[in-house]
Amino acid sequence: MRELASALGVRPTKQRGQNFVIDANTVRRIVRTAGVRPDDVVVEVGPGLGSLTLALLEAAEHVTAVEIDDTLAAALPRTIEARMPARADHFSLVHADAMQVRELPGPTPTALVANLPYNVAVPVLLHMLEHFPTIERTLIMVQAEVADRLAAAPGNKVYGVPSVKANWYAQVKRAGAIGRNVFWPAPNVDSGLVSLVRRAEPPTTTASRTEVFAVVDAAFAQRRKTLRAALAGWAGSAPAAEAALVAAGVSPQARGESLTVEEFARIAESKGAVA
């Protein structure tokens, strides 16, 4: 990976949160932990120099990589052709910002496996889960703090917006820790693996996902306040918020960090019912 970077004149940039995985054992561990199967179509966001891409191509039927960096996107197909020519036909590249991607070439993806840049990890994850409902299983490597937030349960001090929104789509859990020395350059923070297995259906509710997420955003925008106060702007007034909460069977004195995604969905439903 270092030789390839040198040949390309590439240096990881902080702007894009680039920390390239340079340890072969780590990328193979990620593929094993992800449970990649021979018939899987895997989408990888931010493949960088291609270390994880090569490991995924060993295990999956097809890999589609989404890369925003011009130099890296241009180099990756050549790397695949040089290092794994027999699998080159099983690889596709999308040169784009993952947050703008709404469709992918080739077969529909069944899994998402990625080393996500720290600065965009949560938005990219939620975007991919929203727009690609065929993704059944996800394994992402993110900053340990982000991993903790995504996998947190209600009542945990780091439970928040990422936790609830990820849980709308999937069952979420921590799936391991990753040391700093497997990256180039070595980051100043530890990393963690997060596993997400998509729910067969999102929580049952007459409210839309957008409506539920609006309640979540409002609840955690002022997380120290009671829900009666935190949701006042969302509901139109504190009394209206209280009425919606009572109708949903949620205490107006509760705080967002204690609620499940199903309870947020009930609150979103109840706003219309008490209006």
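**View 1. K165 counts as buried, at a relative accessibility of 11%.** Buried stands for under 20% relative accessible area, exposed for over 50% and partly exposed for values in between, with a 1.4 Å probe and protein chains only. The model is predicted, so local features need pLDDT of at least 70 and side-chain atom pairs count only at pLDDT 80 or more, while totals for chains, interfaces and linings use all residues. Residues are numbered from 1 along each chain as its sequence is written, and side-chain values use heavy atoms, with hydrogens and water left out. K165 makes a salt bridge with D217, and their closest N and O atoms are 2.9 Å apart. This pair joins distant parts of the chain, with K165 in helix α7 (residues 161–169) and D217 in helix α8, 52 residues apart. A salt bridge here is a side-chain nitrogen of Lys or Arg within 4 Å of a carboxyl oxygen of Asp or Glu. Helices (H or I, at least four residues) and strands (E, at least two) are DSSP runs numbered from the N terminus. D217 is partly exposed because its relative accessibility is 36%.

**View 2. Helix α8 covers residues 209–221.** Its 13 residues reach 18 Å from the first C-alpha to the last, close to the 18 Å expected at 1.5 Å a residue; the expected span is 1.5 Å times one less than the number of residues. The buried residues of α8 are V212, F213, V215, V216, A218, A219 and F220. An α-helix has 3.6 residues a turn, so residues three or four places apart point the same way.

**View 3. R209 of helix α8 is bridged to E130 of helix α5.** The salt bridge between E130 and R209 has its closest N and O atoms 2.9 Å apart. E130 lies in α5 (residues 121–131), and the two partners are 79 residues apart. Both side chains are partly exposed, E130 with a relative accessible area of 34% and R209 at 24% relative accessibility.

**View 4. R28 and E58 form a salt bridge.** The closest N and O atoms of the two are 4.0 Å apart. The bridge links distant parts of the chain, from R28 in helix α2 (residues 24–34) to E58 in helix α3, 30 residues apart. R28 counts as partly exposed because its relative accessibility is 40%, whereas E58 counts as exposed at 52%. In the whole structure a search finds 11 salt bridges. Elsewhere, R37, D39 and E136 are linked in a salt-bridge network.

**View 5. Strand β2 (residues 41–45) is mostly covered, with 5 of its 5 residues buried.** V41, V43 and V45 are buried on one side, and V42 and E44 on the other. In a regular strand the side chains alternate between the two faces of the sheet. β2 pairs in the parallel sense with strand β3 (residues 62–67) over 5 bridges, where pairing requires at least two DSSP bridges between the strands. H62 in β3 is the bridge partner of V41. From β2 the chain crosses through helix α3 (residues 51–59) to β3 in a right-handed β-α-β crossover; right-handed means that, with the strands pointing away from the viewer, the path from the first strand over the helix to the second runs clockwise. β2 also runs parallel to strand β5 (residues 111–115), joined by 2 bridges. There, V43 has L112 as its bridge partner.

**View 6. T53 sits in helix α3.** T53 counts as buried because its relative accessibility is 0%. Residues up to four places away in sequence aside, T53 touches E44, P47, V63, L76, I80 and F91. Contact means heavy atoms within 4.5 Å.

**View 7. The largest nonpolar core has 58 residues.** Those with the most contacts inside this core are L116, L150, L196, L231, F264 and I267. L231 touches V215, A218, A219, A241, L245 and I267, not counting residues up to four places away in sequence. A second, separate core has 26 residues, among them L76, L139, M141 and L193. A nonpolar core is a set of buried Ala, Val, Leu, Ile, Met, Phe, Trp, Tyr and Cys residues joined through side-chain atoms within 4.5 Å.

**View 8. Q171 belongs to strand β7 (residues 170–178).** Q171 is partly exposed because its relative accessible area is 47%. Its C-alpha atom is separated by 5.5 Å from that of L196, 25 residues apart along the chain. Neighbours within four places in sequence aside, Q171 is in contact with S195, L196, V197 and R199.
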